Amino acid sequence: MIQSKKLIFYNWLTKLLPDCRIVKAFRIWLLKRAGVKIGKNVELGEGVVIRGNGYIEIKDNVKIYDDVYILCKPEGKVVVGNNALLATRVYIECGGVISIGENTQIMQETLLTANC
């Protein structure tokens, strides 16, 4: 279960830090500490915001570009499959279940929602 306070700290801190290799690795480490399940070789762009206290899993070799927003409510579940790509300004709001399959590309300016 993701702890919201740790995610709030992650979102606040990443706005202050520059975008470089060390900071990207630090951001992934912070997300893991907050309870987000993250696989190998995950790339996060600038301005990626992850909020809520539902279940979030990002599998191996996923690329998440700039300004992606993921909100997962307590009863929600978001799973991003292996080799998936979330392009710039993708917005995911989940109160149900959203599963993005392997090798899937979600292109820019897309809204995914599951609020059952």
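Modeller: A residue counts as buried under 20% relative accessible area, as exposed over 50% and as partly exposed in between, with a 1.4 Å probe and protein chains only. This is a predicted model, in which local features need pLDDT of at least 70 and side-chain atom pairs count only at pLDDT 80 or more, while totals for chains, interfaces and linings use all residues. Residues are numbered from 1 along each chain as its sequence is written, and side-chain values use heavy atoms, without hydrogens and water.

Colleague: Does Arg27 count as buried or exposed?

Modeller: Arg27 is buried, because its relative accessibility is 4%. The residue belongs to helix H2, which covers residues 21-33. A contact requires heavy atoms within 4.5 Å. Setting aside neighbours within four places in sequence, Arg27 contacts Tyr10, Thr14, Asp19, Leu44, Gly45, Glu46 and Val48.

Colleague: Which order do the strands of the open sheet of 4 strands have?

Modeller: Strands of a sheet pair through backbone hydrogen bonds, either parallel or antiparallel. Here two strands are taken to pair if DSSP finds at least two bridges between them. The order is S1-S4-S7-S10, with parallel pairing. Strands S1 (37-38) and S10 (97-100) are at the edges with a single partner strand each, so one side of each lacks a neighbour in the sheet. Within this sheet, S4 (residues 55-58) and S7 (residues 77-80) pair in the parallel sense over 4 bridges, and Tyr55 stands opposite Lys77.

Colleague: Which strands do bridges join to S9?

Modeller: Strand S6 (residues 69-72) runs parallel to S9 and is joined to it by 4 bridges, with Cys72 having Cys94 as its bridge partner. S9 is likewise joined to S12 (residues 111-114) by 4 bridges, again in parallel; there, Tyr91 stands opposite Leu111.

Colleague: Where does Thr88 lie, and is it buried or exposed?

Modeller: Thr88 is in the loop between strand S8 (85-86) and strand S9 (91-94). It is buried, with a relative accessible area of 18%. Not counting residues up to four places away in sequence, Thr88 touches Tyr65, Asp66, Gln108 and Glu109.

Colleague: Is Ser99 buried or exposed?

Modeller: Ser99, in strand S10, is exposed, with a relative accessible area of 58%. Between Ser99 and Lys5 there are 94 residues of separation in sequence and 25 Å in space, C-alpha to C-alpha.

Colleague: How many positive and negative side chains does the chain have?

Modeller: Lys and Arg count as positive and Asp and Glu as negative, leaving out His and the chain ends. The chain has 16 positive and 11 negative side chains, and the centres of the two sets lie 8 Å apart. Each charge is placed at NZ of Lys, CZ of Arg, CG of Asp or CD of Glu.

Conventions
Helix = DSSP H or I, 4+ residues; strand = E, 2+ residues; numbered from the N terminus.
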